[in-house]
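Please report on the fold of this protein. Take the helices, the strands and the loops in turn.

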Amino acid sequence: MKSSFRILSLLLASAIASFAGGIQKGATVQVKADSIWFQKVKELSHWQRIKKGGDSKALATYQEKEMGERDAWQFGNQLSVKIISYDAATNQVHVKLLTPGRMAGTDWFLDADALMQ
């Protein structure tokens, strides 16, 4: 029984590691155009819950509210970022914007699905 549990644990760890293999701390990656970028992880987590719930009207309302308060941004172009950290359990990445411009060097929280793989 313990042997089966160990094997299952090893397989699960391997699966998670292989899935997360494309998102490495320090890596430079591109973020998809029109993705939602959050200033705080709390707002990203709330956005993810609404999105997962499937209520597109509530999602649009929340996005509009957060962007109006400048707690979230939406950039129309694909941008380069450096991965600061990645949390596979929440599917969240903390990034630093690298693309030149007035926002270069700022930190953001994104849903990992916003990254181009």
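What covers the buried residues of α2? The cover includes β2, α3, β5 (92–97) and β6 (107–111). The model behind this answer is a predicted one.

## Overall layout

The secondary structure comes to three helices and six strands. From the N terminus on, the elements run α-β-β-α-α-β-β-β-β.

The protein has 117 residues, and buried residues make up 34% of them. It exposes about 7600 Å². Carbon and sulfur atoms supply 58% of that area. Take the contacts between residues at least 6 apart in sequence: 60% of them join residues at least 24 apart.

## Helix α2

Helix α2 spans residues 41–53. It has 13 residues and reaches 18 Å from its first C-alpha to its last. That is close to the 18 Å expected at 1.5 Å a residue.

Glu43, Leu44, Trp47, Gln48 and Ile50 are buried in α2. They cover an arc of only 165 degrees around the axis, so they sit on the same side of α2. On the other side, Lys42, Arg49, Lys52 and Gly53 are exposed. Gly54 follows the helix, and its phi is positive, near 85 degrees.

## Helix α3

Helix α3 runs from residue 56 to residue 68. Its 13 residues should span 18 Å at 1.5 Å a residue, and because its end C-alpha atoms are 18 Å apart, the model agrees with that expectation.

The buried residues in α3 are Leu59, Tyr62, Gln63 and Glu66. Seen down the axis, the buried residues of α3 fall within an arc of 100 degrees, so they line one face of the helix. Their cover includes β2 (36–38), α2 and β3 (72–74). Lys57, Thr61, Glu64 and Gly68 are exposed on the other side of α3.

Both ends of α3 have a local detail. At the start, a side-chain oxygen of Asp55 reaches to within 3.2 Å of the backbone nitrogen of Lys57. Just after the helix, Arg70 takes a positive phi of about 65 degrees.

## Strands and their pairing

In a regular strand, side chains alternate between the two faces of the sheet.

β1 pairs with strand β4 (residues 79–87) in the antiparallel sense, over four bridges. Val31 has Leu79 of β4 as its bridge partner.

β5 and β6 also pair in the antiparallel sense, over five bridges. There, Lys96 has Asp107 of β6 as its bridge partner. Four of the five residues of β6 are buried, so this strand is largely enclosed by the rest of the structure.

## The loop between β1 and β2

Which residues does Ser35 touch, not counting residues up to four places away in sequence? They are Trp73, Gln74, Phe75 and Ala114. Ser35 itself is found in the loop between β1 and β2. Its relative accessibility is 9%, under the 20% cut-off, so Ser35 counts as buried. A polar atom of the Ser35 side chain lies 2.8 Å from the backbone oxygen of Lys32.

Asp34 lies in the loop between β1 and β2 too. Is Asp34 buried or partly exposed? With a relative accessible area of 46%, Asp34 is partly exposed. Its phi is near 70 degrees, a positive value in a residue other than glycine.

## Other loop residues

Asn91 is found in the loop between β4 and β5. It has a positive phi of about 60 degrees although it is not a glycine. Its relative accessibility is 18%, so Asn91 counts as buried.

Gln24 is found in the loop between α1 (2–19) and β1. At 43% relative accessibility, Gln24 counts as partly exposed. Gln24 and Ser85 are 61 residues apart in sequence. In space, their C-alpha atoms are 7.8 Å apart.

Conventions
Residues numbered from 1 in each chain as written. Predicted model: local features only at pLDDT ≥ 70, side-chain atom pairs only at ≥ 80, totals over all residues. Heavy atoms only, no water. Helix = DSSP H or I, 4+ residues; strand = E, 2+ residues; numbered from the N terminus. Expected span 1.5 Å × (residues − 1). Buried < 20%, exposed > 50% of the residue type's maximum accessible area, 1.4 Å probe, protein only. Arc of directions from axis to C-beta. Contact = heavy atoms within 4.5 Å. Polar contact = N/O pair within 3.5 Å; in protein donor to acceptor, adjacent residues only side chain to side chain. Areas by Shrake-Rupley, 256 points an atom, 1.4 Å probe, with all protein chains shown as cover. Pairing = 2+ DSSP bridges.
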